[in-house]
Amino acid sequence: MGTRTQEFSAGAVAILPVLVATAPIALLFGTLAAAKGLSAFEIWLMSATVYAGALQFVAIDQWADPAPIGLLVFTALVVNVRHILMGASIGRAMTDFSGPARYASMFVLTDEGWAFAERRAREGSLTPAYYFGIGVSMCLVWTSGSLLGAVIGRGLGDPSAYGFNFAFSAVFICILVGFWSNWRTGAVLASSGAVSAMVYLLVPGAWYIIAGAFAGVGTAAALHVQGDDQKPDEHKTDGIMPS
């Protein structure tokens, strides 16, 4: 374990591939938000305070004048409820975090940041500096990219036309592969993906996010209980949850 500066730099370097994918998505968001009539400052402020990519895209899609506050608040709860699960998961590894650091860490918690932090926790100790190296880097790229998209995005056209909208998916697939440990991991990922896809096709809105998350959690819980019935040596080598 290095100094705080070294740990912060290590986190920033580790998340670099995701930052490359984040930049065009942020540009796309800024472009779409500007097309809805938001000013560049309003777009930057939304990214800096809300800081939730998937939610922001859904919110902009529902945007109107006047803004449907009730609908937007409900949408925020639906889309971001998965953060409860991620927070509970990563919280186990935050033994070196102070109380204020724990609260601050939740603001910069993202899907990709959570995955990288979990992987670091599996390999060793998750330090606050490493975590914030990931989180601060992601936040800076997202907010600055959103602002840049608001200012020049219309001149660039739709970034999704170049396939940039698949960048996050590609990166996250690679991250998930790193979590693979045995057939139980595959079962959790398969159930989550299948249920999410089915709900996406059949149910309007962002419910597929919650459905996929809870399908994965349910599968993991069922297999964990099943694992408890195995012999001690089997249970020890065939767990599905990261240590």
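Student: Which helix gives the most to the nonpolar patch?

Tutor: Helix α9 does, with 4 residues. The model is a predicted one, in which local features require pLDDT of at least 70 and side-chain atom pairs pLDDT 80 or more, while totals for chains, interfaces and linings use all residues. Residues are numbered from 1 along each chain as its sequence is written, and side-chain values use heavy atoms, without hydrogens and water.

Student: What makes this group of residues a nonpolar patch on the surface?

Tutor: A patch takes residues with over 30% relative accessible area and no salt bridge, joining nonpolar side chains (Val, Leu, Ile, Met, Phe, Trp, Tyr) within 5 Å and like charges within 9 Å. Phe41, Trp44, Leu45, Leu147, Leu148, Val151 and Ile152 form such a patch. Together they have about 610 Å² of accessible area (Shrake-Rupley method, 1.4 Å probe, with only the protein chains shown counting as cover for residues). Both α3 (40-49) and α9 (128-156) supply at least two of the patch residues; helices here are DSSP runs of H or I with at least four residues, strands are runs of E with at least two, and numbering starts at the N terminus.

Student: Why is isoleucine 152 called partly exposed?

Tutor: Isoleucine 152 is in helix α9, and its relative accessibility is 36%. Buried means under 20%, exposed over 50%, and partly exposed in between (1.4 Å probe, protein chains only), so isoleucine 152 counts as partly exposed at 36%.

Student: What is the class of serine 39, buried, partly exposed or exposed?

Tutor: Serine 39, in the loop between α2 and α3, has a relative accessible area of 32% and is therefore partly exposed. Its C-alpha atom is separated by 7.5 Å from that of alanine 150, although the two residues are 111 residues apart along the chain.

Student: How do you know how α2 is oriented to α3?

Tutor: The axes of helix α2 (residues 16-35) and α3 come within 10 Å and cross at roughly 130 degrees. That angle makes α2 oblique to α3, because under 35 degrees counts as roughly parallel, over 145 as roughly antiparallel, 65 to 115 as roughly perpendicular and the rest as oblique. The axes are lines fitted to C-alpha atoms, for helices over the stretch in contact, and angles between N-to-C directions run from 0 to 180 degrees.

Student: How many salt bridges does the structure hold, and what makes the contact of glutamate 7 and arginine 120 one of them?

Tutor: The structure holds 2 salt bridges. A salt bridge is a side-chain nitrogen of Lys or Arg within 4 Å of a carboxyl oxygen of Asp or Glu, and the side chains of glutamate 7 and arginine 120 meet at 2.8 Å, N to O. Glutamate 7 lies in helix α1 (residues 4-14) and arginine 120 in helix α8 (residues 111-123), so the pair ties together parts 113 residues apart in sequence. Glutamate 7 is buried at 7% relative accessible area, and arginine 120 is buried at 17%.

Student: How do you know that arginine 82 and aspartate 111 form a salt bridge?

Tutor: Their closest N and O atoms are 2.9 Å apart. This pair links arginine 82 in helix α6 (residues 82-91) with aspartate 111 in helix α8, 29 residues apart. Arginine 82 is buried at 14%, whereas aspartate 111 is partly exposed at 22%.

Student: Why is glycine 11 called buried?

Tutor: Glycine 11, found in helix α1, has a relative accessible area of 0%, so it is buried. Glycine 11 and glycine 113 are 102 residues apart in sequence and 9.5 Å apart in space, C-alpha to C-alpha.
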